[in-house]
Amino acid sequence: ELDRINRSTDYPAHPLTGEAAARMSDLYEADRITWIGLRAVELPLQRPVSDAKVLTGRQLPLASVRLLFVELQSQQGHHGLGFSYSLRTGGPAQYAHARELAPLLLGEDPSDIARLWSRLSWASASIGRSGLAVQSIAAFDTALWDLKARRAGLPLAKLLGAHRDAVPCYNTSGGYLQAPIEEVIERAEASRARGIGGIKLKVGQPDHCADLRRVAALRRHFGDEAALMVDVNQQWDRTTAARMGRALEEFDLTWIEEPLDAHDLEGHAALAAQLITPVGTGEMLGSAAEACAFVERGAVDVIMHDAPRIGGFTPFLQVAEAARRRGIVMAPHFVMELHIHLAAAYEHATWVEHFEWLEPLFQERLEIRDGCMQVPTRPGLGLSLSEQVAGWTLASDAFGQRG
């Protein structure tokens with residue numbers, strides 16, 4: 001726009017005089033958030049799924065996903081959509097905290113994303129700077145980034161500075177432990193037919209030999225055609241992780257995920273140094289500081305932090321920058337609808353995790369082909385809520401005045 005003003009014969013030669021100056025002033029006029037909508041949603045899964053935490057008696061099967069949606073509208077008519085989520089517990093608490101935070105953004109300039117993240121963080125100081133507090137903030141933060149990219153008319157990946165238009169992807173939803181290996185293979189075949197490049201298998205059962213048999217069957221079926229990963233969901237101790245890691249080396253895995261307790265930084269560092277197979281973790285970490293510590297300590301070969309769990313795009317990018325400086329692989333956990341943009345903007349090797357679970361929430365679908373997920377070309381996140389969301393809505397609130 002500024003170049004057009006400078007080239008135009010309708011304006012004085014100096015762009016800061018006359019009508020041109022007024023036009024430039026309009027371009028830089030601060031916007032204000034005038035309306036915020038909140039929505040609590042419970043999305044049922046088609047059937048409950050079980051990982052190793054269920055088989056070891058630590059958790060119940062997962063039957064639904066709870067989500068916190070935030071919608072923003074600004075004085076100049078711009079819109080933003082963001083969301084966070086919880087599994088099993090925490091959904092009502094996220095929503096309750098979001099109701100406390102929402103009024104603090106009314107009247108604020110939505111361009112000031114970093115400042116607003118800090119403001120919400122300080123408002124949440126009494127409940128900490130990780131976990132529930134930042135998970136609620138994440139929905140607001142993501143909506144602010146979506147608004148900014150929509151206003152610019154750019155996909156969010158392009159606003160961030162994309163390195164690629166497609167990201168390698170792998171499927172997880174077909175590899176849970178309640179399914180016999182024959183079903184896992186059948187669903188993996190369907191994923192491959194859809195264009196998905198990799199398959200992740202849940203392991204970590206009390207019977208370690210059963211885990212090895214499942215991995216062997218999957219590798220035998222696909223040969224070298226597909227990238228294979230395994231996810232232990234934190235169910236091994238250090239000795240078991242070292243032994244199982246060596247036993248799994250013959251299968252040429254892309255990584256072993258969460259082999260140890262998610263907060264065992266020293267254990268992950270020692271294991272990553274021992275094994276040939278890359279070690280990944282990060283999805284259960286609740287702040288950028290925690291995730292950065294794993295990266296800086298050399299405790300991961302693959303950083304797997306989760307934007308909604310660490311506070312949104314703003315802190316996610318802090319971790320991504322720490323990982324970029326060390327040249328490690330990045331494979332964000334879950335929510336492909338958000339992470340496709342963040343992965344596309346990462347300089348080094350990266351993956352996106354494919355789950356079809358959240359697809360019914362949105363009108364749009366992500367395109368997959370040739371082993372990769374295509375970066376959406378629509379402005380912002382490229383998402384709008386489907387009509388079905390109304391049927392899964394548990395509560396909603398609005399603040400301010402909608403234009």
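In which sense do strand β5 and β6 pair, and over how many bridges? Strand β5 (residues 198–202) and strand β6 (residues 227–231) pair in the parallel sense over 5 bridges, where two strands are said to pair if DSSP finds at least two bridges between them. The model is predicted, so local features need pLDDT of at least 70 and side-chain atom pairs count only at pLDDT 80 or more, while totals for chains, interfaces and linings use all residues. Residues are numbered from 1 along each chain as its sequence is written, and side-chain values use heavy atoms, with hydrogens and water left out. Helices (H or I, at least four residues) and strands (E, at least two) are DSSP runs, numbered from the N terminus.

Within the pairing of these two strands, Leu201 has Val230 in β6 as its bridge partner. Strand β6 is mostly covered, with 5 of its 5 residues buried; buried means under 20% relative accessible area, exposed means over 50%, and partly exposed lies in between (1.4 Å probe, protein chains only). In a regular strand the side chains alternate between the two faces of the sheet. Both faces of β6 are covered: Leu228 and Val230 are buried on one side, and Ala227, Met229 and Asp231 on the other.

The description now turns to an open sheet. This sheet has 4 strands in the order β3-β2-β1-β14, with antiparallel pairing. Strands β3 (79–87) and β14 (393–400) stand at the edges, each with a single partner strand, so one side of each has no neighbour in the sheet. On average, neighbouring strands of this sheet are turned by 15° against each other, direction ignored. Strand β1 (residues 33–49) pairs with strand β2 (residues 62–74) in the antiparallel sense over 12 bridges. The bridge partner of Glu42 in β2 is Arg66. Helix α6 packs on the sheet, touching β1, β2 and β3, and its direction makes about 150° with that of β3. Axes are lines fitted to C-alpha atoms, for helices over the stretch in contact, and angles run from 0 to 180 degrees between N-to-C directions.

Helix α6 (residues 132–152) also packs with helix α14 (residues 313–326), at an angle of about 85° and with their axes 8 Å apart. The two helices α6 and α14 are therefore roughly perpendicular to each other, a term that covers angles of 65 to 115 degrees. Asp141, Thr142 and Trp145 in α6 meet Phe313, Thr314 and Leu317 in α14, contact being heavy atoms within 4.5 Å. By class, this contact of α6 with α14 has 3 nonpolar, 2 polar and 1 charged residues; Ala, Val, Leu, Ile, Met, Phe, Trp, Tyr, Cys and Pro count as nonpolar, Asp, Glu, Lys and Arg as charged, and the others, Gly among them, as polar.

Two individual residues in helices follow. His268 lies in helix α11 (residues 265–274) and is buried, with a relative accessible area of 0%. Leaving aside neighbours within four places in sequence, the contacts of His268 include Pro259, Val279 and Phe294. Lys53 lies in helix α3 (residues 52–55) and is buried, with a relative accessible area of 13%. Not counting residues up to four places away in sequence, Lys53 touches Arg58, Gln59, Asn233 and Gln235.

Cys372 is in no disulfide, and the nearest cysteine sulfur, that of Cys169, is 6.6 Å away. Cys372 is buried, with a relative accessible area of 19%, whereas Cys209 is partly exposed, at 47%.

Methods: Parallel < 35°, antiparallel > 145°, perpendicular 65-115°, else oblique. Disulfide = S-S within 2.5 Å.
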